Each structure stands twice: as C-alpha cells, then as structure tokens.
Amino acid sequence: MTAPPLLRMQHISQSFGAVQALIDVDFQVNHHEIVALVGDNAAGKSTLARIIAGVDQPASGTIWINGEAVTLSRSAVAQSYGIATVFQGLALAENLDVTANIFLGREVREHGLLAEEYMETLARGYLQRLNARIPSPRTPVSHLSAGQRQCVAIARTLVGEPQLIVLDEPTASLSVSQTAEVLTYIQSLRSLGLGVVLISHNLTDVRAVADRIDVLRHGRLNGSFTAPHDAYEGIIAAITGATTIRH
Amino acid sequence: MRDKAIGLGYSHHVAGKVMSSGSQSALREANSARLLTAVRRFGGITQVELADATGLSPATVSTIVKQLLAAGTVETRTTTRSGRRAQLVTLAHKSGLLVGVHVGMRALEIAVADSGFNVLANQTLPLPSDHRLDTTLDRTALLTVELVEGLGSTTAEIVGIGIGVPAPIDPQAGTIRDQGLMKGWGDVPIADVVSARLNTPVAVDNDCNMAALGEARFGAARGYRDVLYVHSSYGTGAGLIIGGELHRGPRGTAGEIGHVLMDPQGPICRCGSRGCLDTLVGVQALIDSLRISQGPLSLGDLLERASAGDPGCRQVIADAGAAIGVAVANLAVVLNPEIVIVGGELAQTEDVFLEPIRAAVNRRVLISRDDTLEVRRGELQSLAPVQGALAFAADLAHVTAFA
C-alpha cells in the first residue's frame, strides 16, 4: 500500500499561439524525492514550472496533489496546496531588506501591526538554517551578492511550511561554496519528506542530489533516468535528441 | 517550522536582551562572547555587519574589537563592502593554515584549520556517483580558495594540504592504483596536480588510512600502538596501525579488506575477483536487497530508516556487520591488535552494526580466551577522514619545513 504521489500531472499540453511549448507531458514527484527537470533552452522546463506554481494554466491535462484532483488557477491556490517556487529571476524587491523580502506577501501581523521583531527572528533562523553568510536580516537586498540573494529567495520558500518546492536554476551564478550550501539544503529538504523539483542546466549538480532526472526536449518528455545507474552520456543524448523516445 | 526557527540561533540574542547580571564586567564579557560567536560563525565579518548581527551599537563593537585585538584573539584588516572601505574582523589564528580534503564517493569535504588543528572553516559539496577527476579536483582547488579567502587569508598561508580518496594510492607514483573504481582517475598524480594549482605542498592517501590517522591523533585510537580501524561506507576498507605506524605496504594497498575472499562461488567484484567482502556489504548490495520491499534507497535513506527502527533496514545492516565481522575476526587473529575501531556511515547505526562485529570477533577463542577484544565506534564519526587529512597535512608541513 503506497501513498499517492505528492504531485502527479498527466497529458499536460501548453501552447503559446502557434508554438507548442508542452506536448502531452506526464510528470510526477513523490514525497521524500528530488526530481530534476533538464533539457535545452525552450525545451519547456520553465513552462512546466509555471504551471506547477499556478502562474499559468495548461491548455489540457490533469493535476493531482496527494491523490486529489486540483486546479491550480492562481499562484495563491498553488501555495495553499503547499507548493513553493523560486523562479530564476528571484523576484526580490530591491528596495527592501532581507526580512521584508522573505515575508513579502505573507507578513505576520499582531493586532493589525506588522510583527517586525518576530519576523526578524524567524528570518535569522531561516538564514542560519541555510548557512547563509548574511550577518543581518536587515541588510538591504541590493547590497547582497548573487549567492546571498539566492539564499534569500530560497529562504522565502520556508515560510508557510511547504510540501513541494520548485527551484528554477538555483545554482546558476553561484560560487562552489554557495553551490555546496544550496545542494546540501536541497538534500535536507528531501530528508524532511518534502518533494523537490530541480530545474538546472548543471548536470553535475543535478546528478549529485536527484533521485530521478526527467528530460524535456521540444516540449515532450524524452526519457526518465534514475540516478545513479544512468550515465551522464545517456542524459546528454536525450537532451540533444541523439536518442529519442518513440511517441 | 515556527518553533524550530525560534530555536535556531535566536537564543543568544534573547539572552543578550534580558541580561540581568549587574556588573559592568559581566556585561562586557557577555557582549565580547556574543561578538566572538558571530566572528566564528561567519569566518570573516566587518564591524558594521557585526553591529547588525549582534545588536550591539557600532561604538560598542569598536571598543570590544580593540580589546580583542590587544588580547590577540582577533585580527583586523581593511576590505571593501558595497564599494566602501570596511574593517574585516577574523579570528586570530596561529600562523600557517592546514587544509584537509576528503574526496568521498558522493561528497567532497574540505576543512581549513590553524596549526593547532582548530577548524576555522569547512564545507561539504554533494557529488554524483561517478564524479570525474578533472571536475572534482577543479572544485577542490576553487573551494579551498573560497574557504581560505572567506577567512580573510590567502592561499600563501597554507602550509600543507592532505587529501583522502576512496581508493588505494601508490606511494611512489601518487596515483590511484585500482583503475576500475573511479572513472578517469587512473594515472593522474593527484598531489602534483593540486599542488601546482595552489602552489602548496600536497599529500594524498586512501581515505580509510586518513580516518585511521584521524582517530589515532584525535580520537578513539589515541594511546594505542596496534589498532585495527575499519571504515564502512559505500565500500569497506581498513587502516592498519602496527607498532604505532600506519602500514601501507609497498604498493599502498594494505588494508583493502573490501577485497578479502568471503565466498569462492560469489559474484564477481569490480576488482575482478569473485566473492569479495564488498560484493556482500558494498552499498549496491545493501540497497539491492531492499529494492523490492522499499524501492530505490540512498545510503542515507537506509541509515535513517535503520536508526528509526525499520526492521528490514536493520536486518540488512546487521547482516553486513556479521559479514564484516568475519573478515575483521580473521584479521584480528593475524594482527593481534589492542583494539578494533569502527567508523564510516554504517557505524552511525551503533550497536545494530557493531554488535555483530563484536560477536564475530570474540567468538574466536584465540582472541577472547584471555581478554575481550574491544570493538568500539570511532569518536570522530563522519569527520574522521577530514581530520585525518588535516593531521596528514601537518605531518607534510613539518617534513617540508625541514626539507
């Protein structure tokens, strides 16, 4: 008797005008699992991520969360199902500090007033949990390095106790040390029982932590690889189309 | 999530605010301690950041930093932050940095310490199962530079680097002997390559040997001259300390107990022989046996579930202990060690893994007739290979200093 998957998507299709961004894609993430979504640019990875986040709605297909059929009509709906997303642009407010960014849109209030000290305390905790070298949660985000901003964006996902975290290129433009932090953090999310969708061009990072690697090519699923058995070369072949799955 | 976040790192801030002990000096001490904790946590931190991080006023921070400077506890140097000049505060360290590196099967671990073996910075990077030599050595060099510069130091201050790898090292050539184990690792003089990249002395050895060295210098093997150290991780290996010295053998393969014969009819091992110990207790064998009932597991999953009480996982680990126990018992009969120390990930399950080894060892009448041979878990646990690598680096530095 196994639990239903955390996230299950079937026959997902999406078009933008004449462009078919996703064609009949099946995708699934279980609890306590890291699934990597890889593929060339315009393969459809970010399109799929936006559908999971509730930002876009698929043209067709069904989505289940923990076995319950759902419609992720808005990002707030996705968040209510415990889906947290960090997009590539990070979407941080440059004019605000670290704490304000972490709680943006989900500020904690007490008697109608912002619970500043409480949020600052939580922010400190999240940053420490991520081993982020950001000494003060009141630092303006505009003063932070690329890696530090990534940490703030990821810290945002901790608010609201998510069950699924989608990360779009989390290690791009990070130093080795920062990459190590983020990968270790992703592993700890898995240990806590969360599901993680990891979109990345960096196959070494992906193969360091992913349980399964799904390859998208021109909007279609072109292979699913279970690390560590599957060789690097096989995944590359699926990304470039040297090998194709018959549809 | 709420309570956990409050528990994490907030307590010392709260403590500071409700400070009630009256005297000035007690307050100064508490503030000093808070400041040092922040410096220790961040490696290198500017005075402005310290004020933010501790909640102390910039004036107080300045005063305390001056006191700590005078006492020789911290060092300062000028740096830039957001385009402005700032004073970077770091812990003062005895001159000379040591770097310990453990290249594991699934992770790269680096620690930077001072010559007193106080770890100043460390980092672990997860790696894919077939990570390639060129990428991993690149990352080793880059990560070392990042950690050292994060301390406000330069690589010129490094006096020695020790590297442990999960394969036997030929002492003459400095290369990995067992080519089949790691892709693209054969024939590369690892120490020379890293030494050229960082312009420092580097020494490489097998990671079980490093872990044994670590336990001998800092852990459970202190005070013993004859120790059988067993390391059970993705594969199993041993470090043999005989007459106070780590025994490597002329080709560096001494201690490869993962390749002792357990079953003449057994499966073929990656080394080419049949029925090696690793074919029974290597991570693949452990995980395959649970695939049908529990699906694909990682080594970490297996250990977590066993510690949580899962009977299938506990059985697999206990059986591994029993098999390793046979090999260890045989070795103990031959070597007559004073103590057996067990480390590596499988030892995290404590007695689940250790009891079967203990039982197998002491079933040998020759061993248990006069006295029980103690089988103990290593003290350094997951840090053993890195700490051993630091000790190895220190030995190298002393040798180099007198060269």
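This is a predicted model: local features need pLDDT of at least 70, side-chain atom pairs count only at pLDDT 80 or more; totals for chains, interfaces and linings use all residues.

Now step back into the helix itself. Which residues of H4(B) are buried? There are B:Glu49, B:Leu50, B:Ala51, B:Ala53 and B:Thr54. Note that a glutamate, B:Glu49, is among the buried ones. And what do the buried residues of H4(B) pack against? They sit against H3, strand S1 (44-46), helix H5 (58-70) and strand S3 (84-91), all of chain B.

Next, the contact between the two chains. Chain B puts in 27 residues and chain A puts in 30. On the chain B side, the elements that each supply at least two residues are helix H1 (2-7), helix H3 (24-42), helix H4 (47-54), strand S6 (119-126) and helix H6 (133-150). Which element of chain B gives the most? That's H6(B), with six residues. If you sort the side of chain B that touches chain A by class, you get 17 nonpolar residues, six polar and four charged.

Over to chain A, then. We've got eight helices and twelve strands there. Chain A has a radius of gyration of 18 Å, close to the 18 Å from the globule rule for 247 residues, so chain A is as compact as a globular protein of that length. Along the principal axes, the C-alpha atoms of chain A fill a box of roughly 55 × 45 × 40 Å. Of the 247 residues in chain A, 51% are buried. And if you take the contacts in chain A with a separation of 6 or more, 65% of them are between residues 24 or more positions apart.

Chain A splits into domain 1, which is 1-82 + 162-247, and domain 2, which is 94-160. The centres of the two domains of chain A, over C-alpha atoms, are 26 Å apart. How many residues does each domain bring to the contact between them? Domain 1 of chain A brings eleven, and domain 2 of chain A brings eight. On the domain 1 side, the largest share is four residues, from helix H6 (residues 176-191) of chain A. By class, that domain 1 side has six nonpolar residues, four polar and one charged.

Okay, that's my tour; over to you.

Terms used:
Residues are numbered from 1 along each chain as its sequence is written. Chains are lettered from A and ligands numbered from 1 in the order in which they are written. Two residues are in contact if their C-beta atoms, placed from the backbone, lie within 7 Å. Ala, Val, Leu, Ile, Met, Phe, Trp, Tyr, Cys and Pro count as nonpolar, Asp, Glu, Lys and Arg as charged, and the others, Gly among them, as polar. The radius of gyration is taken over C-alpha atoms; the globule rule is 2.2 Å times the number of residues to the power 0.38. A residue is buried if 20 or more other C-beta atoms lie within 10 Å of its own, exposed if 12 or fewer, and partly exposed in between; C-beta atoms are placed from the backbone. Domain bounds come from an automatic or database domain assignment.
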